[in-house]
Number of protein chains: 2
Amino acid sequence: MSAPTKKGYIRPLDIRHGRVDMSHGAGGRASAQLIEELFQAALANEWLAQGNDGAAFAIPVGARMVMATDAHVVSPLFFPGGDLGSLAVHGTINDVAMCGARPLYLSASFILEEGFALAELKRVVDAMAAAAREAGVPVITGDTKVVEQGKGDGVFISTTGIGVVPAGVDVSGSNARPGDVVLLSGTIGDHGVAVMSQRESLEFETTIESDSAALHGLVADMLAAAPGGVRALRDPTRGGLATTLNEIARQSGVGMLLEEAAIPVKPQVDAACELLGLDPLYVANEGKLVAVCAPEAAEAVLAAMRAHPHGTAAARIGSVTEDPHRFVQMATRFGGRRVVDWLSGEQLPRIC
Amino acid sequence: MSAPTKKGYIRPLDIRHGRVDMSHGAGGRASAQLIEELFQAALANEWLAQGNDGAAFAIPVGARMVMATDAHVVSPLFFPGGDLGSLAVHGTINDVAMCGARPLYLSASFILEEGFALAELKRVVDAMAAAAREAGVPVITGDTKVVEQGKGDGVFISTTGIGVVPAGVDVSGSNARPGDVVLLSGTIGDHGVAVMSQRESLEFETTIESDSAALHGLVADMLAAAPGGVRALRDPTRGGLATTLNEIARQSGVGMLLEEAAIPVKPQVDAACELLGLDPLYVANEGKLVAVCAPEAAEAVLAAMRAHPHGTAAARIGSVTEDPHRFVQMATRFGGRRVVDWLSGEQLPRIC
């Protein structure tokens, strides 16, 4: 985000009525103006103010670090409980946090479609800035490109986050062991159903809101409650809880046994899923996490989760088993047992 | 790039004839297969093998770091001397290097269009992997999303790089001072003309190749030749040399005076620009840099540039002046003087 405009040489950007045009991506005066008057105005911080091709910062002595990235293409751009801008902040913060790290900084790259309304772009960037401020994780560098009308879809945002892993923390999807406890931070399916209901213009009796949230504060509390007791963390986004647990089972070479009755689902989400023909186990979440914990640490971690605003409905939903087939199985409400497989095919396109 | 597939459960990806479909972005089995058989196969390294939501790595004691990001939307995907994949590696490595940092790691996020041929995707990812290997800067984490046909354009790639600033180095576009020397690492306009000639199917007598290259080795040699003597570095990409120099002039609050005759342009690029109605000063480069140096360091830095394969045609092209208007001026071949302004409007869409 370099090249501030020479103020006074041009008229201010017409954010109310203007649209993105190809010159906004050309790297000249119009690009500089868009960056200064829209992006830097919203995201203002000392790193962007450096005005160089990248942003410089200091890192604590001898730190172990994490880097994570996410492309965000959610459609529509605005949905109950969230929008593309806040999602792009939350999604990448959460990926960093799921590695056990404290997120420090974000970068953002925008791919804009020619003709996209600047007012809409500003709403997205403002929401992004608000989410970054609330999370305490600034967007310190960025880039903007423009593609011709019909070669994009309004705006896509890719964010990358870096963070520092506290000493003594070793969290990885490959660390789960038989006997470990599986914890879930709250209800599942909220995000996917919120986006889907907006897209299909479905009217439910109560509005279903996305759970989109930054989870690094929750993770910090969990790690503080049982240092070394949290073995694996993951946020069940695309593919839902079922796919996330299969990922961990596969990575750790273990099985899992879930209790269907223990998995929290809001009644209105359950009803919407039935209407839409969806299984909540496979619906995306954007503010939930799964934790695999050492059995002796599980109670302390669960208590820390329930004490945090993003974990009030946290529950123990199952345990890790020895299983050469790496199956995730579920004890159903009716006393049976079934295999919970990976998501196959496409359930909900462009949910994040 | 998590979720390796359960091998043997599905047929291998048909890379030769297959196409991207929406299931490749759904986060389930098809996503995992695409990541494992195409992305991880090409980019294979120990960090991707961690299989978590992000990648972990150690950083030297108390380092000062840099983070830079770039979206890449070049069209066509392949052009003489380069392609989207290598460009996405070079572009971000260069942004990190222009901050005076040694690039360490890259992340990559892919936005794929439904229907895009997997064979084309593989060509792009293979080129990316080769560029990352050659540069010694691995892609350690990534993400992939798919949008419906007509909502994207084959593939867009956003890359983010992080690097470490060596002790004693302080490079910033705000550091230029009157009396400083302006150096350029080689000929200008090659990249923009190469892409444009491909797009317009223009036939020139000789093929004009993009200069796309990773410049961190060149930068390291320059910094070693005159520690503290290199004040500002920037790669003249979109907007070309003219816009880049205006950026530095604006950031540092200085003017510049260039010598037109000293700026190297290949004859075939000059001819193509004339044909296409372009000014080489505004055409994008992807393997060149501008350096502003303290006068006493300029000779040593220039010698280091000329000794490096990416700087053989390096030249002293002008000097920094005191100018409250922050004008970049140029002494023309005919003895006159003119102002070299920022690029205004769009000259070459989707050049990087």
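User: Which strands form the open sheet of five, and in what order?

Analyst: Two strands pair if DSSP finds at least two bridges between them. Strands (E, at least two residues) and helices (H or I, at least four) are DSSP runs, numbered from the N terminus. Here the order is E1(A)-E2(B)-E7(B)-E5(B)-E6(B), with mixed pairing. This is a predicted model, where local features need pLDDT of at least 70, side-chain atom pairs count only at pLDDT 80 or more, and totals for chains, interfaces and linings use all residues. Residues are numbered from 1 along each chain as its sequence is written, chains are lettered from A and ligands numbered from 1 in the order in which they are written, and side-chain values use heavy atoms, with hydrogens and water left out.

User: Which strands stand at the edges?

Analyst: Strand E1 (55-58) of chain A and strand E6 (139-147) of chain B do. Each has a single partner strand, so one side of each lacks a neighbour in the sheet.

User: In what sense do E5(B) and E7(B) pair?

Analyst: Antiparallel, over ten bridges. B:Tyr105 stands opposite B:Ile162 in E7(B).

User: Which residues of helix H8 in chain B are buried?

Analyst: Buried means under 20% relative accessible area (1.4 Å probe, protein chains only). In H8 (residues 298-306), B:Ala298, B:Val301, B:Leu302, B:Ala304 and B:Met305 are buried. Seen down the axis of H8(B), they fall within an arc of 160°, taken from the directions from the helix axis to the C-beta atoms, so they line one face.

User: Why do spaced residues point the same way in a helix?

Analyst: An α-helix has 3.6 residues a turn, so residues three or four places apart point the same way.

Terms used:
Buried < 20%, exposed > 50% of the residue type's maximum accessible area, 1.4 Å probe, protein only.
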